[in-house]
Amino acid sequence: MKKLFLLFAVAFSATTFAQSTLKDDIDVVQSVYGKSKSELVTQYMALSGTQATDFAKIYDAYEIERKKLGEEKIHLINQYATDYANLTDDKADAIAKGALKNNIAYDKLYSSYYEKVKKAIGATNATKFIQLEIYLQTEIRSSLQNAIPFVGELEMAKVK
């Protein structure tokens, strides 16, 4: 009974955490930095004049694409939470391939927007932006990873 409750609690917390992440990753960023992601990026980039305007347009387009990838990531996490108790090889394979594809898509997004930002405001500022984005996404991934159990983790707990 205790193990069943633990499984339910883990699945519920992963789903709940995933839903909060769907809201722009704002909760995670705000809890760590006390600001919205947009405010944090704007403050960190410290641009002015036409550079600030040009960057804001590119950043808005970037965020639209990044949010789509975030939704895909959340879908995979929800699928994992749903299937965790009865994870078959086929389901595990689909989730793993989806996660790998999502990670590759993030890397492509970074590369694409690095070039756009570089063209608009220079390589140093583009590097600054990409470095911050990768850092923030790494923090978010870490929070997600800590919220969900590893494959087989609950079964190992039963043995003890």
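Me: How many residues does α5 have, and what span does it reach from its first C-alpha to its last?

Reply: In this predicted model, α5 has 33 residues and reaches 47 Å between its first and last C-alpha. At 1.5 Å a residue, 48 Å is expected, so the value is close to that. Gly122 follows α5, with a positive phi near 100°.

Me: Which residues of α5 are buried?

Reply: Start with the general idea. An α-helix has 3.6 residues a turn, so residues three or four places apart point the same way. Now the case here. The buried residues of α5 are Ile95, Gly98, Asn102, Tyr106, Leu109, Tyr110, Tyr113, Val117 and Ile121.

Me: What do those buried residues pack against?

Reply: They pack against α3, α4 and α6.

Me: Take α6. At what angle do α5 and α6 pack?

Reply: The angle is about 155°, and the axes are 8 Å apart. Angles over 145 degrees count as roughly antiparallel, so α5 is roughly antiparallel to α6. The crossing of α5 past α6 is right-handed.

Me: Which residues meet where α5 packs on α6?

Reply: From α5, the list includes Tyr106, Tyr110, Val117 and Ile121. Those residues are also among the buried ones of α5. On the α6 side, Phe129, Ile130, Glu133, Ile134 and Arg141 are among the partners.

Me: What is Phe55 in contact with, leaving aside its neighbours within four places in sequence?

Reply: Phe55 is in contact with Val41, Met45, Leu47, Val117, Ile121 and Phe129. Val117 and Ile121 lie among the buried residues of α5.

Me: Last one. Is Thr42 buried or exposed?

Reply: Compare its relative accessibility with the cut-off. Exposed means over 50%. Thr42 has 52%, so Thr42 counts as exposed. Thr42 lies in helix α3.

Me: How far is the C-alpha of Thr42 from that of Ala52, and what is their separation along the chain?

Reply: The two C-alpha atoms are separated by 8.3 Å, with Thr42 and Ala52 10 residues apart along the chain.

Definitions and conventions. Residues are numbered from 1 along each chain as its sequence is written. This is a predicted model: local features need pLDDT of at least 70, side-chain atom pairs count only at pLDDT 80 or more; totals for chains, interfaces and linings use all residues. Side-chain values use heavy atoms; hydrogens and water are left out. Contact means heavy atoms within 4.5 Å. Helices (H or I, at least four residues) and strands (E, at least two) are DSSP runs, numbered from the N terminus. Buried means under 20% relative accessible area, exposed over 50%, partly exposed in between (1.4 Å probe, protein chains only). Axes are lines fitted to C-alpha atoms, for helices over the stretch in contact, and angles run from 0 to 180 degrees between N-to-C directions. Angles under 35 degrees count as roughly parallel, over 145 as roughly antiparallel, 65 to 115 as roughly perpendicular and the rest as oblique. A crossing is left-handed if the near helix is turned anticlockwise from the far one by less than a right angle, and right-handed if clockwise.
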